[in-house]
Amino acid sequence: MTSSRELTLRASRLRRASAPPVPTPDGGGPWVLEAQAISHTYPPARRHGSPVQALEDVSFAVRRGTFVALVGPSGCGKSTLLRILAGLIRPTRGQALLEGEPVTRPQRRIGLVFQQANLMPWRSVRDNIALPLELAGVPAAERAARADALITAVGLAGFADAFPAELSGGMAQRVAIARALISRPEVLLLDEPFAALDALTRERLSLDLLRVWAAHGQTILLVTHNISEAVLLADEILVMSARPGRIVAHVPVALPRPRTLEMLYSAELGRIAGQVRAAIAPGLIP
Ligand SMILES: Nc1ncnc2c1ncn2[C@@H]1O[C@H](COP(=O)(O)OP(=O)(O)OP(=O)(O)O)[C@@H](O)[C@H]1O
Ligand SMILES: [Mg+2]
């Protein structure tokens, strides 16, 4: 017997056959997250203002369990794209798909982390992390156990009872990442989560993120301005043009795992970073 889920997946494959997303260079599936011909135009913010086209015909597909980075110039529509993929805004055209099903509203299977941690100052680290479970009606003992396991996983052991005012920026972002992970999302969308941090904290936190990813196996889509960081972390880099954002290149990253900070200074990382830079600003690099 064929389940309705299989039928949906099959239908999605058929849709793909007629309008394929830009394939990843190494091919293969299964896709967990897809952007299908997404365009987005914001209406004029003021009475005599003009509409702003943020995205134009963005298509790509992300394989389960991979780490994909999205880089592009400021204002090219990266956050808009992430919000569409997370179901927070509906695109003007096209659609986001999670396992072949349209994403039309926020859902627990997709976690989102922003540039700012946005913690609740009156709640402890443990209670901030457990908040999504509290909203979902999960019993207190299970909430605490799952929060405590994540506190250790993101490197915050000993800080479960601390309050946000007692944390550094890097620690607060660790809490935000743990809060997104506690619902066990299949896909984690990260919108420049390290942007406000100093370079050393940023490096340490990004390697910790890789460790958590290796242990839990989510699919990650990370927006970053930092090309070296994208190469260090990702399996593949999607490069966006200036606004309206389009995907102008898929750059595979064949560096071995586990990744190490020494790789930041390797010739291979430099070569891949050069490819990404050239795709963002053709002509600038010979
Ligand atoms: N709510 C909104 N209403 C109107 N225009 C918006 C809105 N949000 C973003 N924009 C516009 O859409 C374009 C893309 O914005 P977006 O925030 O997605 O870019 P970004 O790539 O994330 O930029 P950055 O790298 O600086 O974070 C910008 O020109 C911005 O002014
Ligand atoms: Mg942004």
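## Before you start

Residues are counted from 1 along each chain as its sequence is written, while chains are lettered from A and ligands numbered from 1 in the order in which they are written. Because the model is predicted, local features need pLDDT of at least 70 and side-chain atom pairs count only at pLDDT 80 or more, though totals for chains, interfaces and linings use all residues, and side-chain values use heavy atoms, with hydrogens and water left out.

## Around ligand 1

Let's begin with the ligand. There are 13 residues around ligand 1, and Ser 74, Gly 75, Lys 78, Ser 79 and Thr 80 come nearest. Being near here means having a heavy atom within 4 Å of the molecule. By class, this shell holds 4 nonpolar, 6 polar and 3 charged residues. For those classes, Ala, Val, Leu, Ile, Met, Phe, Trp, Tyr, Cys and Pro count as nonpolar, Asp, Glu, Lys and Arg as charged, and the others, Gly among them, as polar.

Which atoms make polar contacts with the ligand? A polar contact is a pair of N or O atoms within 3.5 Å; within protein, one must be able to donate a hydrogen and the other to accept it, and residues adjacent in sequence count only if both atoms are side-chain atoms. Gly 77 has a backbone N or O atom 3.0 Å from an oxygen atom of ligand 1. His 225 puts a polar side-chain atom 3.1 Å from a ligand oxygen, and Arg 243 also has a polar side-chain atom 3.1 Å from an oxygen atom of ligand 1. Taken alone, ligand 1 exposes 630 Å², and the protein buries 63% of that; these accessible areas come from the Shrake-Rupley method with a 1.4 Å probe, and for residues only the protein chains shown count as cover. Strand 2 (52-63) and helix 2 (78-85) are the elements that give two or more residues to the shell, with the largest share, 3 residues, coming from helix 2. Helices (H or I, at least four residues) and strands (E, at least two) are DSSP runs, numbered from the N terminus.

A pocket is found on a 1 Å grid over the protein atoms alone, as an open set of points with protein on both sides within 12 Å along at least five of seven lines; a cavity is a set of points where a 1.4 Å probe fits but cannot get out, and lining residues have an atom within 4 Å of a point. Grid points are joined across faces, edges and corners, and a volume is the space filled by probe spheres set on the points.

The largest pocket has a volume of about 450 Å³. Its lining counts 19 residues, and Ile 110, Gly 111, Leu 112, Pro 132 and Ala 180 lie nearest the centre. Strand 6 (110-113) and helix 5 (169-181) each give two or more residues to that lining, and strand 6 gives the most, with 4 residues. The lining has 12 nonpolar, 5 polar and 2 charged residues. It draws at least three residues from each of domain 1 (18-109 + 187-286) and domain 2 (119-184), with bounds that come from an automatic or database domain assignment. The second largest pocket holds about 170 Å³ of space. Helix 4 (residues 140-153) supplies the largest share of its lining, 4 residues.

## Backbone details

Back to Arg 243: the peptide bond from Arg 243 to Pro 244 is cis, with omega near -5°. Pro 244 sits in the loop between strand 9 (236-240) and strand 10 (247-252). Another cis peptide bond joins Arg 257 and Pro 258, with omega about 0°, and Pro 258 lies in the loop between strand 10 and helix 8 (267-280).

Finally, Ala 37, in strand 1 (residues 31-42), has a phi near 45°, a positive value in a residue other than glycine.
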